[in-house]
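Student: Could we go through this model together? I would like to discuss its side chains and then its sheet.

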Amino acid sequence: MGHIEIQPGVKRSPFPRAQTLIKLPAGTYIYISGPMSGYADFNRRRFAELAEKFRAMGLVVGSPPELNELHGLSDVEAYSEYMRGDYREICGYDAMFMMVGWQASVGCNRELRIATEMALAIIFEEGRVSI
C-alpha cells in the first residue's frame with residue numbers, strides 16, 4: 001500500500017492496530033463492512049453510495065452486496081455462506097471501512113477482528129472521516 005495520512009487530533013480506536021484515516025492512495029483495496037441484517041433491502045443502498053464514492057477516489061472496492069451477487073449468493077442463503085465469502089475477501093484487501101451501525105452487527109465485529117489481526121488499515125465512519 002502507499003502512504004496513509006492519519007487525521008490529527010482524533011482518538012485512536014480501542015482496537016490496537018486500527019487507525020482513523022483520511023486519505024488512501026489510489027489503487028488501495030478497501031472492503032466496506034456494514035450492517036445488513038434487519039435493514040431494508042439489506043442496506044444495499046448505503047453500500048452502493050459508499051462504493052461509488054470510494055471508486056470516485058480511485059480505490060478498488062469490496063462491497064458485500066456486490067460480492068454476494070458476483071459469487072451467485074441470493075438473499076436466502078445461509079448466514080454462514082455469506083460470512084465465509086466475506087472472510088475470504090477480506091484477506092485480499094488493504095483497508096476496511098466500518099459503516100455507522102457496525103457495533104450492533106455480529107458480522108461486522110467479526111470482520112473487524114479479522115481485519116485488525118491482519119493489520120489492515122481501519123476507517124471508522126462515525127464522525128471521524130469525511131468522504
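Student: Is arginine 55 buried, partly exposed or exposed?

Tutor: Arginine 55 counts as partly exposed, because its relative accessibility is 39%. Buried means under 20% relative accessible area, exposed means over 50%, and partly exposed lies in between, with a 1.4 Å probe and protein chains only.

Student: What should I know about the source of these values?

Tutor: This is a predicted model, in which local features need pLDDT of at least 70 and side-chain atom pairs count only at pLDDT 80 or more, while totals for chains, interfaces and linings use all residues. Residues are numbered from 1 along each chain as its sequence is written, and side-chain values use heavy atoms, with hydrogens and water left out.

Student: Which residue forms a salt bridge with arginine 55?

Tutor: The partner is glutamate 66, and the closest N and O atoms are 2.6 Å apart. A salt bridge here is a side-chain nitrogen of Lys or Arg within 4 Å of a carboxyl oxygen of Asp or Glu. Arginine 55 belongs to helix H1 and glutamate 66 to helix H2 (residues 64-70), so that this pair, eleven residues apart, links distant parts of the chain. Glutamate 66 is partly exposed, at 34% relative accessibility. Helices (H or I, at least four residues) and strands (E, at least two) are DSSP runs, numbered from the N terminus.

Student: How many salt bridges does a search of the whole structure find?

Tutor: The search finds three salt bridges. In one of them, the side chains of glutamate 49 and arginine 46 meet at 3.4 Å, N to O. These two residues are three apart in helix H1, which means that about one helical turn separates them.

Student: Which residue forms a salt bridge with arginine 46 at 2.0 Å?

Tutor: That residue is glutamate 125, the 2.0 Å being the distance between the closest N and O atoms. Arginine 46 lies in helix H1 and glutamate 125 in the segment after S6, so the pair ties together parts that are 79 residues apart in sequence. Glutamate 125 counts as buried because its relative accessibility is 14%, whereas arginine 46, at 23%, counts as partly exposed.

Student: Let us turn to the sheet. What is the order of its strands?

Tutor: The sheet is open, with four strands in the order S4-S3-S5-S6 and parallel pairing. Strand S4 (60-62) and strand S6 (121-124) are the edge strands, each pairing on one side only. Two strands pair if DSSP finds at least two bridges between them.

Student: How many bridges join S5 to S6?

Tutor: Four bridges join these parallel strands. Phenylalanine 97 stands opposite isoleucine 123 in S6. Strand S3 (residues 29-33) is joined to S4 by three bridges, and tyrosine 31 has glycine 62 in S4 as its bridge partner.

Student: Which strands does helix H1 lie across?

Tutor: Helix H1 (residues 44-56) lies across S3, S4 and strand S5 (95-98), and runs at about 160° to S3. Helix H4 (residues 106-117) packs on the sheet and touches S3, S5 and S6, with a direction at about 150° to that of S5. Contact means heavy atoms within 4.5 Å. Axes are lines fitted to C-alpha atoms, for helices over the stretch in contact, and angles run from 0 to 180 degrees between N-to-C directions.

Student: Are the residues on the faces of S6 buried or exposed?

Tutor: Both faces are covered: Ala121 and Ile123 on one side, and Ile122 and Phe124 on the other, are all buried.
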